[in-house]
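Please look through the model shown here.

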Amino acid sequence: MPASPSTARAINDRLALRLLQQEGPLTAGQLKQLTGLSRPTVADLVERLGAAGLIAVVGEAGEQRRGPNAKLYGIVADRAHLAALDVRTEGVAVAVADLVGRVLAEASVPIAGDTGTGPALEQAVALVERVAKEAGAERLHTVGIGAPGLVDPSSGELRDSTGLPEWHRRLVATLQERLPEARVSVENETNLAALAEQRDGAAQDRDTFVLLWLGHGTGAAVVLDGSLRRGASGGTGEIGFLPVPGTPSLPTSTDCEGGFHSLAGAVAVVELAAEHGISVQASEAGVVRAAVDVVRGAVGQMGAESLGGAAPAGAFLDALADRLAVGVASVVAILDPGCVVLGGEVGQAGGTELAARVRDRIARMTPLPTEVRATTLGGGAVLRGALLTARDRAQEELFEPGGVGRPDGGQGPSSPPPGRSVGLSRPWR
């Protein structure tokens, strides 16, 4: 059946908005060329989107002809403001951006482990409000949160996870209460990191890959054919619980000690460095900072001219690669992703030096060809992924046929309920 006139207009509007998101400001002539639409149709959609407050004239572009310069149209970036949160056990980082994803303000605050649930929530929410004020955002349209733990696929809420602070689980509800007009959603931090690496990082050319997160703990995100796979309970990628050789015990349903976490978590990395005679100085920033320092220091020594000075560093990196290869080989044997990205702060510190060592070991352990790449985003991938999901969700609502021109900015009954996690496909690539 041919599309009705209203449906055709909606399709054309969304196509134009996507192009403006991807390409930046465009003239009506450029929109005509890129969309293949007629000049009158482009003129109509430009007028319609302008009246809806979604696009505006942002400048002029000279053309190879006489007469006035062509108007440049761009998305009205301050039509909506977004917030992204990276929630860790030791603190929270916040960024506030406009509708096109340009970061306007960001900050972080540490939250001590002995902080009570109420005070911790107040610190986190107050940070969001402060950063929003600094960004000039009167209200937030969408808030995306990245947090450790399992996200229930049916409710989109964090499940009760042993070892994680209670304020993590209560943060979504608290933010929704304090920001009643905003859409608030939460996603597993490693999944968001994978989205960021797929859009802007080391996996931009891959529709199938696995991200191995190496930070305070370990995790994995599985992207197959361009889509994130969460599993029946939201637990796909909980690689910290993977039973592996080289640990004194087996993991349990409530504790990943004895699993892959015991080989590759930050504490294990620091202990491994000490075993190889690499001094580890106490870091005020905690064990993750210490793990990053020893890995980065070892990589740096590998470039030193003195072979004697590089020997302990090389042995440490070899031993760490041996450990990582155990987890990577298990993932490769089951999923055959073709590419594994070593992510997180420790993966970034190891860089191509560590990735090459893991790749060489995987080549000997499996017949399945597998690239091993180092992250290009590191620990910042979680915040970037949260911002991308917030932007996608806001644009989907504002740009949908029922949302264009609505005075509430698309925040009507047709919007999805707060707290639901969003998909990680790439609608704006």
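Angles between axes count as roughly parallel under 35 degrees, roughly antiparallel over 145, roughly perpendicular from 65 to 115, and oblique for the rest. This is a predicted model, in which local features need pLDDT of at least 70 and side-chain atom pairs count only at pLDDT 80 or more, while totals for chains, interfaces and linings use all residues. Residues are numbered from 1 along each chain as its sequence is written, and side-chain values use heavy atoms, with hydrogens and water left out.

Helices (H or I, at least four residues) and strands (E, at least two) are DSSP runs, numbered from the N terminus. Helix H1 (residues 5–23) packs against helix H2 (residues 28–35) at an angle of about 110°, and their axes are 11 Å apart. H1 and H2 are therefore roughly perpendicular to each other. The axes are lines fitted to C-alpha atoms, for helices over the stretch in contact, and angles run from 0 to 180 degrees between N-to-C directions. From H1, Leu15, Ala16, Leu19 and Glu23 meet Leu31, Leu34 and Thr35 of H2, where contact means heavy atoms within 4.5 Å.

The largest pocket is lined by 49 residues, and Gly217, Thr218, Phe241, Cys256 and His261 lie nearest its centre. A pocket here is an open set of points on a 1 Å grid over the protein atoms alone, where a 1.4 Å probe fits, with protein on both sides within 12 Å along at least five of seven lines; lining residues have an atom within 4 Å of a point. Two or more lining residues come from each of helix H6 (189–200), strand E10 (218–224), helix H7 (261–264) and helix H8 (266–275). H8 gives the largest share, 6 residues.

Glu189 is found in helix H6. At 12% relative accessibility, Glu189 counts as buried (under 20% relative accessible area, with exposed over 50% and partly exposed in between, for a 1.4 Å probe and protein chains only). Leaving aside neighbours within four places in sequence, Glu189 is in contact with Val87, Arg88, Gly146, Ala147, Pro148 and Val382. Leu85 and Glu189 are 104 residues apart in sequence but 9.9 Å apart in space, C-alpha to C-alpha.

Asp225 is in the loop between E10 and strand E11 (227–228), and is exposed, with a relative accessible area of 63%. Asp336 is in the loop between helix H10 (307–335) and strand E12 (339–343), and is partly exposed at 41%.
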